[in-house]
Amino acid sequence: MRVAVILGMVIAMVAGIQGYTSKPSPAVQLQDGTVYFVQPPRLVEAVTTYKEVYVWGATYYFTVNLPENAGEPLQRVTINQREGVDYVRFDLKDTLAFEGTSSHEGQKLGLKDATSDRKTQTTTLVFDPPVPPGRSITIALKPRQNPSVSGVYLFGVTAFPPGEKSHGQFLGFGRLTFYSHSFNSIFSPFGW
């Protein structure tokens, strides 16, 4: 009898493993209707095209990987400035998102909405349609200009699945560092 129980457990485990690897993960939904990712997305990198203070025309890239077993598509991303002396304001009409990375731009993604809340220093992007699991995407934000004060600027990135009650998963901080040149090095040919 004990052998039959052990054999039954082994068969159930093998069937569960095979089913897990061949089927997408279902979403996690609580009784109150809150939807979670099964496997949360991951912030891969944050980079900028220009690292000097006061520069116009920079682009900040935030790359997110949505794993195959996420269980839900990606509906919304918020980017919240958590550290830095200056508040970085973005020109939202020039915001775009695409598959791939900042150096390997792929197919453009539809954005239903891009908003900014100055009080909370948060930019929100809503995808239309939501991004399916198994994709790496990059959000390109254009600041009106780089900060006027040098230093480290941290941007917290949070991802949300679709739904009226979706749980935001904090993905980490995108860290951008901005540098200033001394007055003399700009005007002196010798950098004095």
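Q: In this predicted model, how many bridges join strand 4 to strand 10?
A: Strand 4 covers residues 60-66, and strand 10 covers residues 135-141. The two strands run antiparallel. The number of bridges joining them is seven.

Q: Which residue in strand 10 is the bridge partner of Tyr61?
A: Strand 4, residues 60-66, is joined by bridges to strand 10. Tyr61 has its bridge partner in strand 10. That partner is Ala140.

Q: What is the strand order of the open sheet?
A: The sheet has five strands, and the pairing is antiparallel. Strand 3 (42-48) and strand 7 (104-109) are the edge strands, each pairing on one side only. Neighbouring strands are turned by 30 degrees against each other on average, direction ignored. The order reads 3-4-10-6-7.

Q: Is the aromatic pair of Tyr60 and Phe178 stacked, edge-to-face or tilted?
A: The count of aromatic pairs comes to eight. In the pair of Tyr60 and Phe178, the ring centres lie 5.7 Å apart, with 40 degrees between the planes. Stacked needs under 30 degrees and edge-to-face over 60. The pair of Tyr60 and Phe178 is therefore tilted.

Q: How many residues apart are Tyr60 and Phe178?
A: Tyr60 lies in strand 4, and Phe178 lies in strand 12 (residues 169-178). Both residues are buried. The pair links distant parts of the chain, and the separation is 118 residues.

Q: What is the centre to centre distance between Phe90 and Phe155?
A: Phe90 sits in the loop between strand 5 (74-83) and strand 6 (96-101), while Phe155 sits in strand 11 (residues 151-160), 65 residues apart. Both are buried. The pair is tilted, with 55 degrees between the planes. Centre to centre, the distance is 6.4 Å.

Q: The charged end of Arg76 sits over the ring of which residue?
A: A charge counts as over a ring if CZ of Arg is within 6 Å of the ring centre and within 35 degrees of the ring normal. For Arg76, the charged end is 3.8 Å from the ring centre. The ring belongs to Phe160.

Q: Which element gives the largest share of the lining of the largest cavity?
A: The structure holds one cavity of 30 Å³ or more. About 50 Å³ of space lies in the largest cavity. Its lining includes Ile79, Asn80, Gln81, Phe90 and Phe155. Strand 5 and strand 9 (122-131) each give two or more residues, and the largest share, three residues, comes from strand 5.

Q: Is Tyr54 buried, partly exposed or exposed?
A: Tyr54 lies in the loop between strand 3 and strand 4. Phi of this non-glycine residue is positive, near 65 degrees. Buried needs under 20% relative accessible area and exposed over 50%. At 48%, Tyr54 is therefore partly exposed.

Q: What is the phi of Gln121?
A: Gln121 is in the loop between strand 8 (111-117) and strand 9. Gln121 counts as partly exposed because its relative accessibility is 27%. Although Gln121 is not a glycine, its phi is positive, about 55 degrees.

How values were computed. Residues are numbered from 1 along each chain as its sequence is written. This is a predicted model: local features need pLDDT of at least 70, side-chain atom pairs count only at pLDDT 80 or more; totals for chains, interfaces and linings use all residues. Side-chain values use heavy atoms; hydrogens and water are left out. Two strands pair if DSSP finds at least two bridges between them. Helices (H or I, at least four residues) and strands (E, at least two) are DSSP runs, numbered from the N terminus. Axes are lines fitted to C-alpha atoms, for helices over the stretch in contact, and angles run from 0 to 180 degrees between N-to-C directions. Rings of Phe, Tyr and Trp (its six-membered ring) pair if their centres lie within 6.5 Å; planes under 30 degrees apart count as stacked, over 60 as edge-to-face and the rest as tilted. Buried means under 20% relative accessible area, exposed over 50%, partly exposed in between (1.4 Å probe, protein chains only). On a 1 Å grid over the protein atoms alone, a cavity is a set of points where a 1.4 Å probe fits but cannot get out, and a pocket is an open set with protein on both sides within 12 Å along at least five of seven lines; lining residues have an atom within 4 Å of a point. Grid points are joined across faces, edges and corners, and a volume is the space filled by probe spheres set on the points.
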